[in-house]
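Welcome! Here is a structure to look at, followed by a few questions about how its descriptions are reached.

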Amino acid sequence: MESPFKEDVVRGKVALITGGGSGIGLEICTQFGRHGASIAIMGRRKQVLDSAVSALQSLGIKAVGFEGDVRNQEDAKRVVESTFRHFGRLDILVNAAAGNFLVSAEDLSPNGFKTVMDIDTVGTFTMCREALKYLKKGGPGRSSSGGGTILNISATLHYTAAWYQIHVSAAKAAIDGITRNLALEWGTDYDIRVNGIAPGPISGTPGMSKLAPEEIDNKAREYMPLYKLGEKWDIAMAALYLASDAGKYVNGTTLIVDGGLWLSRPRH
Ligand code: HXC
């Protein structure tokens, strides 16, 4: 679908996207690139990274991939520094890396719970912390221009409760807390805007294929009148709005992009 944004809305900006090799993360890379940004992708799997980088480059986008696991602080530090060395600045950090699986609370081991908390929540905090030096107003490569911005990919499942997702609910609720607290502290001290996006069910993502097999999907349509799938594009457009100057007065919010689904109730 054609973008409603001008093609230079993020021109000259450098974006680092964790989990940018596939799914929503990759679409954010693509749309940021199409709108003028240079892209660094962080991911664990070399093959996935390589193919994402080639796909971006074939669109004429400046892109580079760095292998790393957001659970590892050394990896986080190295990837942030490599991004800066490669492009000479860092303007946008998108935390899109996430881990997930369906399991009842009863059957989930403490280590399974911790694994998702480590990827989603601790990983998000670690990346933000390592990127701070480069994102803050007056930081390396920023001269006296304003600060950069952070986007954390969240969810809506923790607004109520979700079957077999206790680990993800906890992790995403904590991410929303991180978004608000960093918006307060770093918005005030460093002119960094920190926002989140809470996607609804998005077609063609690893999350959808893992979490909503067809039978769940069909049932959901019955009891949720507003149930319809979004596209990765919808999330990328929200990301462009929040990361560009269009969103310059938005700080500390998590934008729900779910077609109203989480509000949905049966009519009778
Ligand atoms: C129960 C499981 C499990 C499963 C792993 N564990 N998979 N428990 N059911 N299906 C437990 C293990 O038993 C182990 O605990 C612990 O978790 C760590 O498992 P590992 O396999 O060692 O972890 P690791 O190799 O690091 O893999 C991480 C992962 C993996 C999260 C388990 O699935 C992953 O990284 N997936 C790719 C990312 C992904 O799925 N992205 C889509 C995100 S969608 P024990 O006790 O045995 O040691 C998304 C949408 C959210 O985020 C919003 C939804 C609405």
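**How do we know?**

In this predicted model, 51% of the 268 residues of the protein chain count as buried.

Q: What makes a residue count as buried here?
A: A residue is buried when its relative accessible area is under 20%. By that cut-off, 51% of the residues in the protein chain are buried.

Q: Why is Tyr164 called partly exposed?
A: Partly exposed lies between the 20% limit for buried and the 50% limit for exposed. Tyr164 has 43% relative accessibility, so it counts as partly exposed. This residue sits in the loop between strand S5 (149-153) and helix H5 (166-190), and its phi is positive, about 65°, although it is not a glycine.

Q: How do you know that Asp191 is partly exposed?
A: The relative accessible area of Asp191 is 37%, so it is partly exposed, between 20% and 50%. Asp191 belongs to the loop between H5 and strand S6 (193-199). Its phi is near 60°, a positive value in a residue other than glycine.

Definitions and conventions. Residues are numbered from 1 along each chain as its sequence is written. This is a predicted model: local features need pLDDT of at least 70, side-chain atom pairs count only at pLDDT 80 or more; totals for chains, interfaces and linings use all residues. Side-chain values use heavy atoms; hydrogens and water are left out. Buried means under 20% relative accessible area, exposed over 50%, partly exposed in between (1.4 Å probe, protein chains only). Helices (H or I, at least four residues) and strands (E, at least two) are DSSP runs, numbered from the N terminus.
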